[in-house]
Amino acid sequence: MKLEFEMDTYKSEIKPTWCPGCGDFAVLKSLQMAMHALQLEPWNVLIVSGIGCSSNLPHFLSTYGFHAIHGRALPVAEGAKLANPDLNVIVTGGDGDGYGIGVGHFIHAMRRNFDITYLVMNNQIYGLTTGQASPTSEKGMKTKSTPIEGVIENPVDPISLALASGATYVARCFSGDVKGMADLVQKGIEHHGFALIDCMSPCVTYNKVNTYDFFRSRVYDLQKEGHDSKDMKAAFAKAIEWPFVQRDRIPLGLFYRTEDVPTYEDLEPALKKGPPVRQPLGIEDPDALLSEFL
Amino acid sequence: MMDVHQADVIEGGAIVYDVDGIKPEPGKIRKNVRLIGIPLRKKAQTLSPNALMRNTVALGAAVQLFDLDFRHVESAFRDIWGDKKPEIVQQNIQAARLGAAAVDEMGGSLHLGLTYSNEPKYLMTGNEALCLGALAAGVKFLAQYPMTPASSILHWMALHGPAHGVVVKQVEDELAAMNMTVGAGFAGVRAMTATSGGGFSLMVEAIGQAGMTETPLVAVLVQRSGPSTGLPTKTEQGDLNLALGAGQGDWPRAILAPRNPEECFSLTAQAFNLAEIYQTPIIVISDLYLGEGYRTVEKFDFNVPIVRGMMAADGGTAKGFRRYEITDSGVSPRALPGTKGFQFIGATDEHMENGELISDVLAGLPEYVEERRKMHEKRMRKLDGLRKDTPRPELWGSKNADLTLILWGSTWGPAHEAILAAEEGQGVKVNSLEFPTLFPFHVEETQQMLRGVKQSLAVEGNYTGQFTRLLRAETGYKPDHFYGRYDGEPFASRDIAEKILEVTA
């Protein structure tokens, strides 16, 4: 059967400006594959990003896009989703954007359980600003902003944070495995609720520690090891394995998923009339509204 | 409170007080003020031992002094306690009648000759009027973080909005409030946020984002006393500079300043049209005195014009669509996500007509230096249209006045009272030059109006004269006198009247 949308339909005419070998290419490809597999209408997809190398991603796709300011992609996406819940809203960005400057919005977006898919290209470094420590940089890592002792703070663990904050789909993938990534992204888009997909996306220019080889020698597939993604306790146990317990084995795959939680859109009273963007403007019975002021 | 207000009571007035409590001091009150001492507490205790209703006894006294219809008092009690507590309604009616009877024993009514209409009137705050204006204009989204004195907008809309399809969302902070509003505006609904100065400070980066991406939205700034946390429950007009300068770089905006609840309604409704026609943020700047103060208003006309601006899908073809097309007006055709074939990306980096960035690798190349200049000029050209479509300054009062007050916002009310008092009492002819639009500035119209001004007094609720300086920057005109108030209190008409006498003496 011929599909309505070819793989190339989802590509824009703009070529990525990322460094050769950047992990973000794999994320772009996997998102393209996921949209193709789901045959999403490009005009019904809105991709919102923040600022950072990875946040340039929506320019390279043929959907609607909004390239917001640093750290604020999630609230922009939430506003758009509430205005038009029929849109497939996807948010893309980096670890500095989402787990650093925007971490407040990250927590609140998850506890609301919006039907939004959030892809974080986590390279554990600030790339666009040429190599400062990020909130997920490993302890001890020397960067331009931590040149002497290395990072002395503990890293943020986005997986534990997502589980604790109410995300209903929590996964980690790696740019070294595009197929596995595309599969998790596709399921994340299909998921009815907030999906966090933490994409380990190596920065080949500024992070000489967490390289492709670093991950290749450490990653394993949660599902192949029989992890039950419906079990939140088991998900927490797997989440803290890396980087808190040890750094020899890094779990990839689906940590947790539940469809039992209603989304924000399911519960918002104003949406019962349908998407606000299609509602008539103005008031039918102003006298009823004014009567309380008499 | 006796100490605060006793000197305010004018000749022919009366002070009702409890003979067993704080009494007026003869040396501090004006002449011909009637003193009505009533044992308020003792009378209330005849109905209920806790004397809770002593205020109602005093209310009854006031009703009798003003010749008000007692039925209105009774219906007000029923409105408050309803049918649920009929015994409380009855007790309060009795208490009020005790107060009224006491006044009758002490000379009765003030005989002010007041006439009352039985026609119902609308009583509301500026913030409520603003909400009604937003609803009339078709607002569909409000995101807000609680902050006095803007919170009542959130409260009213949270209660009434959903029935009219308005998504009302209390969010984690003002950064989220503004960014969500940007997202909703981008997705195509009429979107609004509201806050006070502290919250607006947090919104500054995100409102500039709307300017850059050409996203329509309405931002309401209800000012309170600053700086910093300031006096949260007190008024000021100290955030004009903040509104004027919000955001890095230049981007087109309009700042509308309602003077009264009627304009809170009409200017907010107009703000939504301007936001969509010019695809940029419109700021409505109000203050605590106007926003939270009650006034009687005439019935609003909800049939406000609704103009949604240029949409690409209306007759345009998807092929070759450029969201940021360079045009004479600076306004480019807009497309909403979900519209087939018009996909584009809105970007906060500088971009070309199709939305592609010129900030990363192209910036600085000669061709793109030119692109940047053109795109920046395109956005800023929208100010010309905004200047045409925004309300002009107005001159209120007599022509050929000896003194012209220069003011904006809520100062309108006390200033008009002061002008009338000065004309009536001292025969000084005073008028006022008022600015419902603070930006873009109507330079020519203002200069024309200033030509006839003999002497001027700028009256503003801040220390530095933020508007006075704007006026001078835009027109070169420096008012002869400046009266700033920044103690947290609104202008009182008597203070402005005194100032008028001082500068015209």
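Predicted model: local features only at pLDDT ≥ 70, side-chain atom pairs only at ≥ 80, totals over all residues.
A residue counts as buried when its relative accessible area is under 20%, and by that criterion 55% of the 505 residues of chain B are buried.

**Chain B as a whole**

- Chain B contains 17 helices and 17 strands, and its C-alpha atoms fill a box of roughly 90 × 60 × 40 Å when this is taken along the principal axes.

**Contact between chain B and chain A**

- Chain B contributes 69 residues to the contact and chain A contributes 52 residues.
- The size of an interface is often given as the accessible area lost when the parts come together; between chain B and chain A the buried area is about 4900 Å², with carbon and sulfur atoms giving 70% of it.
- On the side of chain B, the residues that lose the most area to chain A are B:Glu172, B:Gln343 and B:Ile345, which together account for 12% of what that side buries.

**Helix α6 of chain B**

- Helix α6(B), residues 126-137, has twelve residues and should span 16 Å at 1.5 Å a residue, and this agrees with its end C-alpha atoms, which are 16 Å apart.
- Because twelve of the twelve residues of α6(B) are buried, this helix is largely enclosed by the rest of the structure.
- The buried residues of α6(B) include B:Asn127 and B:Glu128 as well as B:Leu130, B:Cys131, B:Leu132 and B:Leu135.
- After α6(B) comes B:Gly138, which has a positive phi, near 90°.

**Packing of helices α15 and α16 of chain B**

- Two packed helices are described by the angle between their axes and the distance between the axes.
- For helix α15(B), residues 443-451, and helix α16(B), residues 466-475, the axes come within 10 Å and cross at roughly 100°; angles of 65 to 115 degrees count as roughly perpendicular, and α15(B) and α16(B) are therefore roughly perpendicular to each other.
- From α15(B) the contact is made by B:Val443, B:Thr446, B:Gln447 and B:Leu450, and from α16(B) by B:Leu471, B:Glu474 and B:Thr475.

**Cis peptide bonds in chain B**

- B:Thr148 and B:Pro149 are joined by a cis peptide bond, with omega about 0°, and B:Pro149 belongs to the loop between β4 (139-144) and α7 (151-160) of chain B.
- B:Gly226 and B:Pro227 are likewise joined by a cis peptide bond, with omega about 0°, and B:Pro227 belongs to the loop between β7 (217-223) and α10 (240-245) of chain B.

**Positive phi in residues other than glycine**

- A:Gln124 has a positive phi, near 60°, although it is a residue other than glycine; A:Gln124 sits in the loop between β4 (116-122) and α5 (158-165) of chain A, and with a relative accessible area of 2% A:Gln124 is buried.
- B:Asn400, which is not a glycine, has a positive phi of about 50°; B:Asn400 sits in the loop between β12 (394-397) and β13 (403-407) of chain B, and B:Asn400 counts as exposed at 58% relative accessibility.

How values were computed:
Residues numbered from 1 in each chain as written. Chains lettered and ligands numbered in written order. Heavy atoms only, no water. Helix = DSSP H or I, 4+ residues; strand = E, 2+ residues; numbered from the N terminus. Expected span 1.5 Å × (residues − 1). Buried < 20%, exposed > 50% of the residue type's maximum accessible area, 1.4 Å probe, protein only. Axes fitted to C-alpha atoms, helices over the stretch in contact; angles between N-to-C directions. Parallel < 35°, antiparallel > 145°, perpendicular 65-115°, else oblique. Contact = heavy atoms within 4.5 Å. Buried area = accessible area lost by both parts, 1.4 Å probe.
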